[in-house]
Amino acid sequence: MENFLKKLNEFNQRCEDIKNANLYFYLRSIESIEEPYVIVNGRKMLMLASYSYLSLIGHPLINQYAIDAIKKYGTGTHGVRILAGTEKIHEELEETIASFKNREACVVFSSGYVTNLTSISTLFGRGDVVICDKLDHASIVDGCRLSGAAFLRFNHNDLKDLERKLQNTSNNRTRVVIVDAVYSMDGDISPIPEILDLVRKYNALLMVDEAHSLGVLGKNGKGVEEYFGLNNDIDILMGTLSKTIPSVGGYIAGSKILVNYLKHNARAFVFSAALPPAACGAAIASFKVIEEEKWRIEKLSKNINHFLDELKKAGFNTLNSQTAIVPLIIGEEEKTLKVTRFMQDRDIFVLPVLHPAVPINTSRLRMNVTASMDKEHIDFVVDALKEADKLFKIT
Ligand SMILES: *Cc1c(COP(=O)(O)O)cnc(C)c1O
């Protein structure tokens, strides 16, 4: 009991200290949204920390579908999907995603986090081997731990290390390689074609998390397979409905037998309530909008290229980012917090990422580009960063 209270108190004291130094940036509440700006404490700030890559939050058609769903079904469901919770709108959503991802079937869960946790731990277990990239998302790591399978991790995007892990585990065991399509802290793209070659060579399976590639990669925003010109080669496709898709939920798309297995065995499907109808309606409409408003994908891609070009020209380290997630490496934690304060004082809503979320001494600003930004917005950010560089010596 004393140790427990000590733990809570020490942590709370640390938060207090950071707040007193005016370097606490978390849990701030947004009052309203005017893409690409948000209003915080009455101040209009340029939003540079959003996952809404195609700027679909508040889109009229998406709002309308959510409202229509409430009018038709109300706000909740009759419980878990497998019993009384399934409504036509859940089936419509699953069909929409399966068709968008060119798969036989799809199952949705109540969040992306829950999707990884429940799917990995349902599909794989004792005796099996899960092999992850060291930078895989926490929800994948937690799913692997919960599964009870042997859990191996290879160095980030290191194909030789991945091959060693495959060579060192028996062909008789079920082996699955699980990677992010786009890494959430670095913004780089996983070498999926090469990973697929290895996975086939060693008779393993491939699962890919598309949280940051859906709507971002590929001419039509279909994701990593479209980007690499692959043809349904990934065995298990996972994604979220809370980033590019302005709703909540997660999905697995794949074969009919895979999806049917999950619908009867995944504990988060069998023991947790169905997605609310409004969330389903919003997600269905979002996939329509992505197909109909191609300009959003083009504009996002233009913005990403412009931002990365300008940052590189100014000498900043953006790792190997090629996507809407743009890290700007600063290194020291204290300096990173001070640069964040400098940017926020210029009404730029940007957030720091520190250890343990990223390796020690790679503290960074993580900036997200969105479709609603114009060249002027990006230039404004770049100019502020150049000023910060003079003051804090970042490059
Ligand atoms: C955000 C994220 C998730 C979790 O999705 P939620 O819908 O927010 O729970 C899973 N994987 C990756 C790579 C993510 O970035």
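This briefing describes the ligand site, salt bridges, surface patch and backbone geometry of one predicted model.

Residues are numbered from 1 along each chain as its sequence is written, and side-chain values use heavy atoms, with hydrogens and water left out. Because the model is predicted, local features need pLDDT of at least 70 and side-chain atom pairs count only at pLDDT 80 or more, whereas totals for chains, interfaces and linings use all residues. Helices (H or I, at least four residues) and strands (E, at least two) are DSSP runs, numbered from the N terminus.

**Ligand site**

- A nitrogen atom of the ligand lies 2.6 Å from an N or O atom in the side chain of Asp 209. Such a polar contact is a pair of N or O atoms within 3.5 Å.
- An oxygen atom of the ligand is 2.7 Å from an N or O atom in the side chain of Lys 243, and an oxygen atom of the ligand is 2.9 Å from a polar backbone atom of Gly 112.
- Taken alone, the ligand exposes 380 Å², and the protein buries 86% of that. Accessible areas come from the Shrake-Rupley method with a 1.4 Å probe; for residues, only the protein chains shown count as cover.

**Salt bridges**

- Side chains of opposite charge can pair when their charged atoms come close.
- The count comes to 22 salt bridges, each defined as a side-chain nitrogen of Lys or Arg within 4 Å of a carboxyl oxygen of Asp or Glu.
- Arg 81 and Glu 94 meet through their side chains at 3.0 Å, N to O. Arg 81 lies in helix H3 (residues 81–85) and Glu 94 in helix H4 (residues 88–100), so the pair ties together parts that are 13 residues apart in sequence.
- Both Arg 81 and Glu 94 are buried, where buried means under 20% relative accessible area, exposed over 50%, and partly exposed in between (1.4 Å probe, protein chains only).
- Glu 291 and Lys 222 form a salt bridge at 3.7 Å, N to O. This pair links distant parts of the chain, 69 residues apart: Glu 291 is in helix H12 (residues 277–292), and Lys 222 is in the loop between strand E8 (205–209) and helix H9 (224–228).
- Glu 291 counts as partly exposed because its relative accessibility is 40%; Lys 222 is likewise partly exposed, at 24%.
- In the salt bridge of Glu 387 with Arg 346, the closest N and O atoms are 3.9 Å apart.
- Salt bridges that share partners join Arg 81, Glu 94 and Lys 263 into one network.

**Surface patch**

- Met 1, Phe 4, Leu 5 and Leu 8 form a nonpolar surface patch with about 410 Å² of accessible area together. Patches are made of residues with over 30% relative accessible area and no salt bridge: like charges are joined within 9 Å, nonpolar side chains (Val, Leu, Ile, Met, Phe, Trp, Tyr) within 5 Å.
- Leu 5 lies in helix H1 (residues 2–20) and counts as partly exposed, at 39% relative accessibility.

**Backbone geometry**

- Most residues other than glycine have a negative phi, and most peptide bonds are trans.
- The peptide bond from Glu 35 to Pro 36 is cis, with omega near 0°; Pro 36 is in the loop between strand E1 (32–34) and strand E2 (37–40).
- His 355 and Pro 356 are also joined by a cis peptide bond, with omega about 10°; Pro 356 is in the loop between strand E13 (351–353) and strand E14 (363–368).
- Leu 27 has a positive phi, near 60°, and lies in the loop between H1 and E1. Leu 27 counts as exposed because its relative accessibility is 80%.
- Asn 232 has a positive phi, near 60°, and lies in the loop between H9 and strand E9 (236–240).

Key
A polar contact is a pair of N or O atoms within 3.5 Å; within protein, one must be able to donate a hydrogen and the other to accept it, and residues adjacent in sequence count only if both atoms are side-chain atoms.
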